Amino acid sequence: MRAMTQDAYGVPEEVLRPTDVEKPTAKPGEVLVRVAAAAVSGSDWHILRGLPYAARPVVGLRRPRNRVPGLELAGTVEAVGPGVTTVRTGDEVFGWCSGAFCEYVAVPADQVTAKPANLTPEQAAAVPIAGFTALQAVRDAGRVRAGQEVLVLGASGCVGTYAVQLAKHYGAEVTAVCGAAKAEMVAELGADHVLDYAAGPLTASGFDVVLDLYGNPSLRTLKRLLEPGGTVALVGGTGGRWFMGTDRWLRALVAAPFLGIKARPLVHKDRLDDLVLLRDLIEAGAVKPVLDRTYPLADAAAAIEDVRRGRVRGHAVVTP
Ligand SMILES: NC(=O)c1ccc[n+]([C@@H]2O[C@H](COP(=O)([O-])OP(=O)(O)OC[C@H]3O[C@@H](n4cnc5c(N)ncnc54)[C@H](OP(=O)(O)O)[C@@H]3O)[C@@H](O)[C@H]2O)c1
């Protein structure tokens with residue numbers, strides 16, 4: 001079967017190659033999924049580059065441990081392994097995995113579930129990881145409640161488009177920060193106010209919760225943005241090949257009590273119960289994925305670069 005593979009770390013167009021690899025089989029507890037679509041996210045770029053270096057013990061010291069990138073998918077169950085009772089052959093599913101940039105992938109059965117009935121497979125593939133991150137940022141790290149003022153930094157990205165909708169779902173008044181070109185799209189997702197990050201330093205204040213998905217605001221800026229006792233959910237970061245901004249999280253954690261704010265870092269967890277919750281919210285019309293572009297599998301490197309450079313509104317997927 002066809003797969004995109006990488007045998008070294010580097011820029012996507014240099015290290016990602018179409019390759020014929022052996023079709024997997026479903027082992028006990030696994031399902032074999034025929035991939036209809038696999039989402040492309042910033043994480044794919046990081047894994048291809050082997051960045052941050054601090055993650056290499058996990059992803060592979062000198063070369064990637066997994067040859068096939070791609071972490072989330074939607075598709076059809078082709079076969080189920082012994083002991084699998086939760087899904088059946090022919091079911092349309094979505095979920096997370098290791099190695100989605102290919103035609104077939106074997107996935108633990110508890111990492112997939114029925115896809116939302118009102119989504120195409122391409123849309124459904126764009127839900128799992130960005131959806132988990134946004135949900136856990138809003139519900140768990142931010143603990144957003146009805147009536148709160150919430151600021152979403154990086155609102156037009158993969159995670160941010162869900163975070164805006166979920167913060168609205170939990171009853172907040174949402175101020176979204178993104179580039180001017182995507183402001184209209186973010187307003188359509190329900191943001192009450194949209195600010196352009198290029199228009200100058202943020203002067204707003206009085207937020208109960210800041211969802212820091214992108215932008216690296218200084219501690220002083222966070223203190224000014226937040227109400228006393230307010231919460232910053234630390235989700236994303238940029239800069240530094242070793243830690244990619246997560247060292248800033250540590251500084252925020254140490255400084256927060258002295259600044260009179262709460263800092264809660266988030267490393268999202270892939271959870272089936274949250275995938276089911278996201279499906280319910282999508283089927284109820286409370287949340288929708290923003291799918292901008294679909295690329296053939298062979299163009300996965302271009303897709304990753306486009307996502308990396310902010311040329312995509314919301315999500316891109318590849319289709320084998
Ligand atoms: N903690 C976790 O478990 C976890 C999980 C997944 C992702 N993440 C992290 O979360 C962050 C967001 O991920 P994503 O996939 O949503 O990224 P993304 O799709 O690339 O979106 C990036 C967002 O940041 C905005 N942005 C770009 N340049 C900016 C600037 N100079 N100032 C302020 N905002 C700027 C973009 O706005 P425009 O496109 O409108 O310019 C866009 O809204 C990343 O740092 C990622 O590594 C964390």
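Modeller: The domain assignment of the chain gives domain 1, which covers 2–127 + 289–319, and domain 2, which covers 130–265. Please keep in mind that this is a predicted model. The centres of the two domains, taken over C-alpha atoms, are separated by 27 Å, and the contact between them takes 11 residues from domain 1 and 11 residues from domain 2. On the side of domain 1 that touches domain 2, the classes are seven nonpolar, three polar and one charged residues.

Turning to the ligand itself, 24 residues surround it, and the closest are Gly154, Gly157, Gly179, Tyr214 and Gly236. Both domains take part in this shell, since at least three of its residues are drawn from each of domain 1 and domain 2. Among the elements of the chain, helix 6, which spans residues 158–169, gives the most to the shell, with three residues. By class, the shell around the ligand holds 10 nonpolar, 13 polar and one charged residues.

Two backbone details complete the account. Leu51 and Pro52 are joined by a cis peptide bond, with omega about -5 degrees, and Pro52 lies in the loop between helix 2 (42–49) and helix 3 (56–59). Arg143, a residue other than glycine, has a positive phi, near 45 degrees, and is placed in the loop between helix 5 (128–141) and strand 8 (149–153). Arg143 counts as partly exposed because it has 15 C-beta neighbours inside 10 Å.

Methods. Residues numbered from 1 in each chain as written. Predicted model: local features only at pLDDT ≥ 70, side-chain atom pairs only at ≥ 80, totals over all residues. Near = placed C-beta within 6 Å. Helix = DSSP H or I, 4+ residues; strand = E, 2+ residues; numbered from the N terminus. Nonpolar A, V, L, I, M, F, W, Y, C, P; charged D, E, K, R; others polar. Domains from an automatic or database assignment. Buried ≥ 20, exposed ≤ 12 C-beta atoms within 10 Å, placed from the backbone. Contact = placed C-beta atoms within 7 Å.
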